[in-house]
Amino acid sequence: MIFMVMSQTELLHELEPVVAGELDRHLKVAKEWFPHEYIPWSEGRNFDGIFEGDAWQESDSTIPEAARISLIVNLLTEDNLPSYHHEIATTFGRDGAWGTWVGRWTAEEGRHGVAIRDYLTVSRAVDPVALERARMVHMEGGFQTEYGTMLQQLAYVSFQELATRISHRNTGRASGDPTCERLLAKIAADENLHMLFYRNLLKAAFELDPNQTMRAVTDVVTTFQMPGSTIEGFTRKAMIIAHEGIYDLRLHLDDVLMPVLRQWAVFDKTDLDGDGAKARDELAAFLEKTEATATRFVERREERRARAAAMR
């Protein structure tokens, strides 16, 4: 079978019925929920300032350091929603099923930042002054996708939504706080539904233009970074999060990349040729290298933990 290379505009039009179907499915399975119901308001008390409360201090927080850092990274990432909305609205458009989805996705994502910030403030898990200053810096910088095509952006959000789901889920578990875990599990459920929407769209794109879609997937997998990577001090924060096992390369490979790639059956496709076949070979080589790197990281982490345990 010979596939004609389609323009991004043609792909947008051809995928519109799939978007409509996926939107209907999403609306049927998405469950309404309210952030305020997940916040233990009675535990809150005034901070210093207008209402003459108590200034935040380190001892106020009962959350382990790595989980606290992950909560901050996750929240600051969610805070950049205006930039994310701009990017997908510009790419997918504001009309028809595409536009309806952009609005729905933005509305659902909006409650994540609200809920996490309310939880952090009421529980006094983090310094609210430092958090607000970090928010200002991060949002002023905004977010701009490095991917220039609609297919690349679809591939990116397919992986990114799943990565975000896992990060939220594992952060909740690492917090040691049932309230935090319950809230982040709820947010993670939203992220999973978003991943399914985008993943199914890209699966349909493979049927329309397999070679171009394969190239987009490889381009994204081999350059992937989380949208919060521009947060000040992100590299150090990410390393602390990885050493705690909240989100690391092993999880990224095993729980994000491979499950999505299996759903698309990229290594079973028989309709790739030219650049599509080349892209798949590049992807296979990258995954093999990543497997070796992830294995080394886990081994070294376990060695460090063993040494630390022996010194206690």
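## Packing of helix 1 and helix 7

Contact here means heavy atoms within 4.5 Å. In this predicted model, that criterion links L11, E14, L15, V18, V19, E22, L23, R25, H26 and V29 of helix 1 to L193, H194, L196, F197, N200, L201, A204, A205 and L208 of helix 7. By residue class, this contact is made up of 13 nonpolar, 3 polar and 3 charged residues.

Two packed helices are described by the angle between their axes and the distance between the axes. For helix 1, which spans residues 8-29, and helix 7, the angle is about 150° and the axes lie 10 Å apart. Because angles over 145 degrees count as roughly antiparallel, helix 1 is roughly antiparallel to helix 7. The crossing of the two helices is right-handed.

## The nonpolar core

The largest nonpolar core comprises 83 residues, within which F159 and V217 have the most contacts. Helix 7, covering residues 178-208, supplies the largest share of this core, with 14 residues.

When neighbours within four places in sequence are set aside, V217 is in contact with A155, F159, L202, F206, L261 and W264.

## The loop residue T230

T230 is located in the loop between helix 8 (210-221) and helix 9 (234-243). Its relative accessibility is 53%, and T230 therefore counts as exposed, the cut-off for that class being over 50%.

Not counting residues up to four places away in sequence, T230 touches H138 and G142. The C-alpha atoms of T230 and M139 are separated by 9.9 Å, although these residues are 91 residues apart along the chain.

Terms used
Residues are numbered from 1 along each chain as its sequence is written. This is a predicted model: local features need pLDDT of at least 70, side-chain atom pairs count only at pLDDT 80 or more; totals for chains, interfaces and linings use all residues. Side-chain values use heavy atoms; hydrogens and water are left out. A nonpolar core is a set of buried Ala, Val, Leu, Ile, Met, Phe, Trp, Tyr and Cys residues joined through side-chain atoms within 4.5 Å. Buried means under 20% relative accessible area, exposed over 50%, partly exposed in between (1.4 Å probe, protein chains only). Helices (H or I, at least four residues) and strands (E, at least two) are DSSP runs, numbered from the N terminus. Axes are lines fitted to C-alpha atoms, for helices over the stretch in contact, and angles run from 0 to 180 degrees between N-to-C directions. Angles under 35 degrees count as roughly parallel, over 145 as roughly antiparallel, 65 to 115 as roughly perpendicular and the rest as oblique. A crossing is left-handed if the near helix is turned anticlockwise from the far one by less than a right angle, and right-handed if clockwise. Ala, Val, Leu, Ile, Met, Phe, Trp, Tyr, Cys and Pro count as nonpolar, Asp, Glu, Lys and Arg as charged, and the others, Gly among them, as polar.
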